[in-house]
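Biologist: Could we go through this model together? I would like to begin with one of the helices.

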Amino acid sequence: MARALLIVLDSVGIGGAPDAAAYGDEGSDTLGHIAEACAAGRGDRTGLRAGPLRLPHLAGLGLGLAAAGASGRVPPNLAPVGEPEGAYGHAVETAAGKDTPSGHWEITGLPMPEPWGHFPNSRPAFPVALTAALIAEGGLPGILGDRHAPGVAIIDELGAEHVRTGKPICYTSADSVFQIAAHQETFGLERLYALCMTARRLCDPYRVCRVIARPFVGSAEAGFRRTGNRKDFAVAPPGQTLLDRAQAEGRAVVSVGKIGDIFAHRATGREIKPGANAACLRAGLDALEDLPEGGLIFVNLVDFDTEHGHRRDVPGYAAELEAFDARIPEILSALGPGDLAVITADHGNDPTWPGTDHTREQVPVLAFGPGIASRSIGRRDTFADIGATLAAHLGLAWDGAGRSFL
């Protein structure tokens, strides 16, 4: 019996989806535009990185060729030297959205054809009845924000007023999300979580996918910064996923990063949430050391998205990609006979694109491990092919969407 390691590089899209124009994202290309910016000298930052994007190990797994399949061109400096090590291709999302839960659920065999509810880009953004109920049930003096906004910017703008008045900062984006930011010390972390649980219930009639707690610390004088105690309150998947099937057959499952939050903690097994990308990857590889036969490790690396994509930070995104690339030999050496590793993404977040929201893109599919032959798997018409492939590899019964490519 084999084992599997699934790593989602959150937001590392590789070219606009066929329906990107419907989302205002035609021409977006997270990986390609970062590589082009670096080649043109726009990815340099003193003390961080400089020069062309360097991803030799990911290129060796076929990342550049996967990007060419999605976008029609190999990004600068990402052509492989020789045959790629494993199977490579690109996948198209069928879910109606470009959000994290929809992408992850489809990866695990559950596409969501019905669109989520979204709040309009207006002021106020939230329905009056929703705001009034949150204020009343949360015992609040009011709320701040009530509009579309980047998280870091709105905390910088309204953090001092929040501390002075006790009013939490509520905001949204192009995603189906209701976000609440509050000072971890003056407002209280547990109080923020409780408020988000109330908001979760109140948002259900509006088909809002996620309510997110965004705690921060600091002061107006020293500046504010978000902490690592973010917590997502997501709708549970409305059907069976790869995780459910693994649990039903008694398999070991380890979820690393925000996987637990994304799946509403259903069938997510042992959850580990250590923080930044490097720590999450380390936790996943440590878990692989004693993972029993037939087990699955599911890792989300969110820093690409939250720290660099939404902040439109090309040098930071490039450096994060290069840091992950340097860990590929470590991943390869951790795989034993019969193991399969898959690297993919859930959507795009092109840091060269207007605005601060996700971009509707295709994603890479890199499958490798001992015994996995070098070959192109071409275009996959749904992310669910990843879940179907992992199910086949692990010998799990499968009646979800998608079909295996191995």
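Modeller: A definition first: buried means under 20% relative accessible area. Please also note that this is a predicted model.

Biologist: Which residues of helix α3 are buried?
Modeller: In α3, which spans residues 63–71, they are Leu-63, Gly-64, Ala-66, Ala-67 and Ala-70. These residues lie on the same side of α3, because they cover an arc of only 160 degrees around the axis.

Biologist: Why would residues three or four places apart point the same way?
Modeller: An α-helix has 3.6 residues a turn, so residues at that spacing point the same way.

Biologist: Changing topic: where is Ser-11, and is Ser-11 buried or exposed?
Modeller: Ser-11 sits in the loop between β1 (4–9) and α1. Ser-11 is buried, since its relative accessible area is 0%.

Biologist: Which side chain makes a polar contact with that of Ser-11?
Modeller: That of Tyr-317, at 2.6 Å. Beyond four places in sequence, Ser-11 also touches other residues, including Thr-30, Phe-304, Asp-346 and His-347.

Biologist: Which residues touch the most other members of the largest nonpolar core?
Modeller: Ile-7, Phe-324 and Ile-343, in a core of 81 residues. Ile-7 is in contact with both Phe-324 and Ile-343, and with Leu-281 and Val-299 among others. A second, separate core has 24 residues, among them Leu-140, Ile-143, Cys-196 and Phe-233.

How values were computed:
Residues are numbered from 1 along each chain as its sequence is written. This is a predicted model: local features need pLDDT of at least 70, side-chain atom pairs count only at pLDDT 80 or more; totals for chains, interfaces and linings use all residues. Side-chain values use heavy atoms; hydrogens and water are left out. Buried means under 20% relative accessible area, exposed over 50%, partly exposed in between (1.4 Å probe, protein chains only). Helices (H or I, at least four residues) and strands (E, at least two) are DSSP runs, numbered from the N terminus. The arc is that of the directions from the helix axis to the C-beta atoms. A polar contact is a pair of N or O atoms within 3.5 Å; within protein, one must be able to donate a hydrogen and the other to accept it, and residues adjacent in sequence count only if both atoms are side-chain atoms. Contact means heavy atoms within 4.5 Å. A nonpolar core is a set of buried Ala, Val, Leu, Ile, Met, Phe, Trp, Tyr and Cys residues joined through side-chain atoms within 4.5 Å.
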